[in-house]
Amino acid sequence: MRRVGIDVGGTNTDAVLLDGSAIVHAVKTPTTPDVTRGITTALRELLAGVGPSGRIDAVMIGTTHFTNAVVQRRDLTRVAAVRIGLPASASLPPFVDWPEDLAALVRAEVVMLEGGHEYDGRPIVPLDEIGVRDAARRIRAAGITSVAIASVFSPLNAECETRASAILHEECPDASVTLSHELGRIGLLERENATLLNAALVGLARRTTRAFTEALRASGLTAPLYLTQNDGTVMLAATAQAFPVYSFASGPTNSMRGAAFLSGLSDAIVIDVGGTTTDIGSLRHGFPREANNVVEIGGVRTLFRMPDLLSLGLGGGSLVTGSPTASGDGLRVGPRSVGYRLVDESRVFGGVTLTATDVAVAAGLIDLGDRHRVADLPADLIKTALARIHATIEEGVDRMKTDARDEPLIAVGGGCFLVPERLPGVSEVVHVRHQAVANAVGAAIAQVSGEVDQIFQNLTRDAAIAEARRLAEQRAVSGGANAATLQVVEVEDLPLAYLPGNSLRVRVRVVGDIAEV
Amino acid sequence: MAPLRPVTAEEIESLAIGAWILGTGGGGSPYLALLNMRALYRQGAVVSLMDPMDLADDDLVAVVSNMGAPLVGQERLTDPRTIARAVSLMEEYLGRRFRAIMSLEIGGGNAVQPFMAAALLDRPVVDADCMGRAFPEAQMTSFAVHDLRMYPLMLVDVRDNAVIVAQAASWKWMERLSRTACVAVGSIAATCKAPRTGKEVKECGILYSTSKAIRLGQTVQAARHAHRDPIAAIIEAERGQLLFTGKIADVARRATEGFLRGRARIDGLGDCRGQRFELAFQNEFAVGWLDGAPRVMTPDLICVMDTVSGEAIGTETLRYGQRVSVVALPAPPVLLTPKGLEHVGPRAFGYDLEFKSVFA
């Protein structure tokens, strides 16, 4: 199978072509304001590099587009929020903990209605269907095109959300509707926040997906298009465009998955040293370990499944300031950085700013620019700066380790020469070829997953797990998986002792290869 | 009599930070209660704090707390009207007006509940509670230590339900009866506990714990603002003791009988390198061992904080790899009496240890 992986980053658009597990070709091109042109250019260069050599079976694109839209407050759709759960939770309405500037951009209407469920599936009070219909008419009259619906305890019982959605479709057939139970877990505010963000991004997601599709067509490709997700898997673009929030963290995830693939390791720590920051994560069975706490996106609290990453203010462009003192705190490395101006401002490239890269060149760790320009650096400065850099990295790596045994460390990114060759708790530091396009490689190798996290009542444990598995497999197939290749990668069950009726919370995740079309 | 002191919006923010530290790992995050207070203050509410010594002996004080399963609290979000209704219905039942409102426990989200009720009912909050921290069980209060009456209790939900426990034969019965009602209304309820007289509060309450929590929060905020070490600032301001600094190496949790029990192991860093600290918890941190020997135990406050930010870490959010500092803060003296230790000492949590304070 021949697959193209594309990573559309803030600075570069990278593309790779994989034949089976062999990297045929890789290119790096600048990202353009109209994403389409950047992708078309990358594809043209990629395909030109390999010649007219047969068909492409699938194209996977990973993008930071949607996260950036939230962070930069642009291209967002105004949203009507429908909360179902009164009389409960009345004092904390939708958007209550959003940054005011973002709420002002997104909040078109807030409706709170009676309904929702108890923890044991009983209704709190019956759903106010007349209220839903009235709200739907107001939403249509106001010309609002995107609606977010969140009901109390919908992950346990989604009835209120699906019924409200049906009424909305009757009254405003053109509006897109995001339902909270399709996105999140227990935790009303955080789940609702994810739903609101998704609803604010569906317009952009649709336009972006169309642009990606056009870029493919313009490049003469007919292969199906997939978008990469936070968990390192892909979804058919047609499905994925309804859930843009699922791709929020796909960048770092792709980088870690790419590192796993390029190194052949499935359990390791990955360190990605860029120009300004260093991201450290942990690979388990080839996938990033997920964070189990609240994740803020553009100032909004959510409970997304995101890779557990530690970001340090250290990179190749980090400023080295001050001078070594006896107490050891006179010299600083980072967190400020020259960033993409490294090639103009750092000493080895003819500038006057002392950076981590200059120190590395002076120490002979890498040969970049003109090393004579750093020949005058005092030896104790080089030694102290390197010690500082290494200590920061060592501490970060140690913090991300999940068990006391030694583990391999895969170093990727433009600044990976800053990683020391030996660290406590690390069995070996692994460097890989093509490390600069690890992101695009991660996109190209992605499989398709399906996940269910739900509470089952009055079923035996085996029956509940079997039912969860069936639902997860269904989701994977609709996301583009080949049913014959599906494998269960995670099963977790938790008896809920304080809930009646043999309640069992079951989470099942299945992963399979993409289906050939 | 000193005038009532208005509490500023900034002090409410500090209260939430300080209360989370005094929660000693439990008590629930004050985040949702804080969101409610921000909204109330935006609408013009200002709550006043009352010196407990200004209470007349025959004044009546409402003792409030939110009760239920934490998971349910994340979906059915705490609402000031519910806690205010518990207080109002108790007044109706008693046929008397409360002079002021106070917190059951100053550790965690319940520190903020009296402020939510007070904002709606235009009553002051008494600068006191009856735990001085957070504890998992109803009889672990200074009022229980002093054998005060534990009834009546008013329990309300978001609908028009209200339950009165008019009388209970013991603290255990009170716990059983109110717990049953709580489950029936969806495992989350607002409660107004047995009313207290001004005299009882002054003699048996833990006084000035609200302003202590606010001060604690301010200490952390000021240290963060000045880029100073917040842990050192807390220790200096509250005469605490730094017991250990290290990295969480292992956490084991299990939910039993409605409690979150478990143990955490911390491997030493810095001055503590080579040493090991172990913590046992039941909702809150209960006992700590240094290299196998008991080092700190309840009721001394055992606070686990992020070494860098000074932010409190709950027993539910402990995670491998966190850099933490274990700090002991002094317990209220009433909890250190023989009677107090019967209620909240190590044996009350199932540890056969003779209580020894790190501050002794």
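## Two chains, their folds and their contact

Of the 517 residues of chain A, 50% count as buried. This is a predicted model.

**Chain A overall**

Chain A has 13 helices and 23 strands. Its radius of gyration is 25 Å. A compact globule of 517 residues would come near 24 Å, so the value for chain A agrees with that expectation. Along the principal axes, the C-alpha atoms of chain A fill a box of roughly 80 × 60 × 50 Å. Contacts in chain A with a separation of 6 or more were sorted by sequence distance: residues 24 or more positions apart account for 67% of them.

**A parallel sheet in chain A**

Four elements make up an open sheet in chain A, in the order E6-E5-E7-E8. The pairing is parallel. Strand E6 (107-114) and strand E8 (176-179) of chain A are the edge strands, and each pairs on one side only. From one strand to the next, the twist averages 20 degrees.

Strand E5 (residues 79-86) of chain A pairs with E6(A) over 7 bridges, in the parallel sense. Within E6(A), A:Val110 is the bridge partner of A:Ala81. Strands of a sheet pair through backbone hydrogen bonds, either parallel or antiparallel.

Two helices lie across this part of chain A. Helix H4 (residues 129-141) of chain A lies across E5, E6 and strand E7 (146-151). Its direction is at about 170 degrees to E6(A). Helix H5 (residues 159-171) of chain A lies across E5, E7 and E8. The angle between helix H5 and E7(A) is about 155 degrees.

**Chain B overall**

Chain B comes to 11 helices and 18 strands. Of its 360 residues, 55% count as buried. The radius of gyration of chain B is 19 Å; a compact globule of 360 residues would have one near 21 Å, so chain B agrees with the rule. Among contacts in chain B between residues at least 6 apart in sequence, 73% join residues at least 24 apart.

| Chain | Radius of gyration | C-alpha box along the principal axes |
|---|---|---|
| Chain A | 25 Å | roughly 80 × 60 × 50 Å |
| Chain B | 19 Å | roughly 65 × 45 × 40 Å |

**Two domains in chain B**

Chain B is divided into domain 1 (5-209) and domain 2 (231-348). The C-alpha centres of domain 1 and domain 2 of chain B lie 25 Å apart. Domain 1 of chain B gives 19 residues to the contact, and domain 2 of chain B gives 22 residues. On the domain 1 side, helix H1 (9-22) and helix H6 (142-145) of chain B are the elements that give two or more residues. That side of domain 1 of chain B has 10 nonpolar, 8 polar and 1 charged residues.

**Contact between the chains**

Chain A brings 24 residues into contact with 25 residues of chain B. Helix H6 (188-218) and helix H11 (379-400) of chain A each supply at least two residues of the side that touches chain B. By class, this side of chain A divides into 15 nonpolar, 5 polar and 4 charged residues.

Notes:
Residues are numbered from 1 along each chain as its sequence is written. Chains are lettered from A and ligands numbered from 1 in the order in which they are written. This is a predicted model: local features need pLDDT of at least 70, side-chain atom pairs count only at pLDDT 80 or more; totals for chains, interfaces and linings use all residues. Two residues are in contact if their C-beta atoms, placed from the backbone, lie within 7 Å. Ala, Val, Leu, Ile, Met, Phe, Trp, Tyr, Cys and Pro count as nonpolar, Asp, Glu, Lys and Arg as charged, and the others, Gly among them, as polar. The radius of gyration is taken over C-alpha atoms; the globule rule is 2.2 Å times the number of residues to the power 0.38. A residue is buried if 20 or more other C-beta atoms lie within 10 Å of its own, exposed if 12 or fewer, and partly exposed in between; C-beta atoms are placed from the backbone. Two strands pair if DSSP finds at least two bridges between them. Axes are lines fitted to C-alpha atoms, for helices over the stretch in contact, and angles run from 0 to 180 degrees between N-to-C directions. Domain bounds come from an automatic or database domain assignment.
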